[in-house]
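Morning, everyone. Please bring up the structure on your screens. I'll take the aromatic rings, then the strands and the surface.

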Amino acid sequence: MTFKIHIYLIFVYFFLVTNLNSQNLGLYFTGSCPQKSLQNLGYKNGLGFSLEYLSNQLIKKESFSLRLSIGFDAQWHGHKNIDSITFNTPNNDKGYSRFENSCVGLFLGPKFTFNYGLWEPYFELNLAFRQFMTNQISTFYKEPIDYQKSTSTSILSNNTNHYGLGLGSLYHITDNILFDMRVSYSFGTKTDFVSLNSVSLGKNGVDSYDYKIMKANASDLLFYRIGFIFHLKKNKNVSSNTFDYSSPIERTNSQNIRKKSVPSPKIINKTKPKT
C-alpha cells in the first residue's frame, strides 16, 4: 500500500504543478451502499464526505470538455456500543466501548462533460485506493487518575484496489458556484471486516469482547454524492488559459461579442493649403 500511496502522491504533485492557475474545489456529502458479498455479509450502509480538486480543461470544444479530478473520501459504516463495562484498572472503573466500521479512499480519474446550457451532464472513470477499518473506542464514564478519558484501538485494517465509473450533472448557480450531483459504482478487491451484530462482551465481563471477522471476496460500493464546486478567483496577472466555470450562456454571449468586427478607422487625407 505504501508504494501505491507514493505513486498517487507523485501524480498529485504533477497534477498541482500543471494546474496552479486552476482553483476548482468540490465539497460533497456522500453516501455508500455495499454491494455483492459485502451486502450479503451484513456490512452496513455508510455516510460521510468527500473533497475533490478539478484540473483545467484539457480538451475544450463547443459542447464537450475533458478534465481530471483527484480527491479524498471518508465513510462511516455503522457502529455498536457495549455499555456498563468494567475496565481493567486499579479501581475497576466503569465505561463503555464503541466499535466502528469505516472506509477512507484516495481517487483520481478523467471527467467528460457535455455543455447544454446551465446544465452540464457528465460521466467519469476513476481509480481508487481504499482502506477498510474497524476501530474500538473505549471511554470512561468518569476520567480516572493517570488514564485518558477515551482511547482508540485499531481492531482490523485492510487495503483494497478499486476502479469504477459514474454519471452526474453540474448546474451553474453563479459564475463561481456550481451544484453537483452524481452516482458512481466502484468495483473493489476482497476485504475483511468485523460484523457489528456479532460484537458482545466477553465471558469474564472485564474489558474483553467477542466478535466475528467476516471475509468478503469483493468490496464493491455504490456511491452517491451531492455538493458544490467553488471556482476560486485566480491571480489577475496570470494569462487565462484556465478552466472557465462561467455560465455557458454567458460564455456564448461573450464569444459572440468578440466575433463582431471592429470598424476600420477612417483615413483622412490632409492637403496643404495653396499659397
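Rings of Phe, Tyr and Trp count as a pair if their centres lie within 6.5 Å. With that in hand, ring pairs link Phe64, Phe112, Phe114 and Phe123 into a cluster. Keep in mind that this is a predicted model.

How many aromatic pairs does a search of the whole structure find? It finds 17. Take Phe49 and Phe72. Their ring centres are 6.2 Å apart and the planes stand at 55°, so this pair is tilted. Phe49 is in strand S2 and Phe72 is in strand S4, so the pair ties together parts 23 residues apart in sequence. Phe49 is partly exposed, at 34% relative accessibility. Phe72 is partly exposed too, at 31%.

Next, Phe179 and Phe228. This pair is edge-to-face, with 5.7 Å between centres and 65° between planes. Phe179 sits in strand S8 and Phe228 in strand S13, 49 residues apart.

Now a charge. The charged end of Arg225 sits over the ring of Phe107, 5.2 Å from its centre. Arg225 also lies over the face of Phe223, at 5.0 Å from the ring centre.

On to the strands. S4 and S5 pair in the antiparallel sense over 19 bridges. S5 and S6 are antiparallel as well, over 17 bridges. Four residues lie between the strands in the S5 and S6 hairpin, and Gly117 there takes a positive phi near 70°.

Last, the surface. Phe49 and Phe72 come back here, among the residues of a nonpolar patch of about 490 Å². Strands S1, S2 and S4 each give two or more residues to that patch.

Definitions and conventions: Residues numbered from 1 in each chain as written. Predicted model: local features only at pLDDT ≥ 70, side-chain atom pairs only at ≥ 80, totals over all residues. Heavy atoms only, no water. Patch = residues over 30% accessible without salt bridge, like charges linked within 9 Å, V, L, I, M, F, W, Y side chains within 5 Å. Areas by Shrake-Rupley, 256 points an atom, 1.4 Å probe, with all protein chains shown as cover. Salt bridge = Lys/Arg side-chain N within 4 Å of Asp/Glu carboxyl O. Pairing = 2+ DSSP bridges. Phe/Tyr/Trp six-rings, centres within 6.5 Å; stacked < 30°, edge-to-face > 60°. Buried < 20%, exposed > 50% of the residue type's maximum accessible area, 1.4 Å probe, protein only. Lys NZ or Arg CZ within 6 Å of the ring centre and 35° of its normal.
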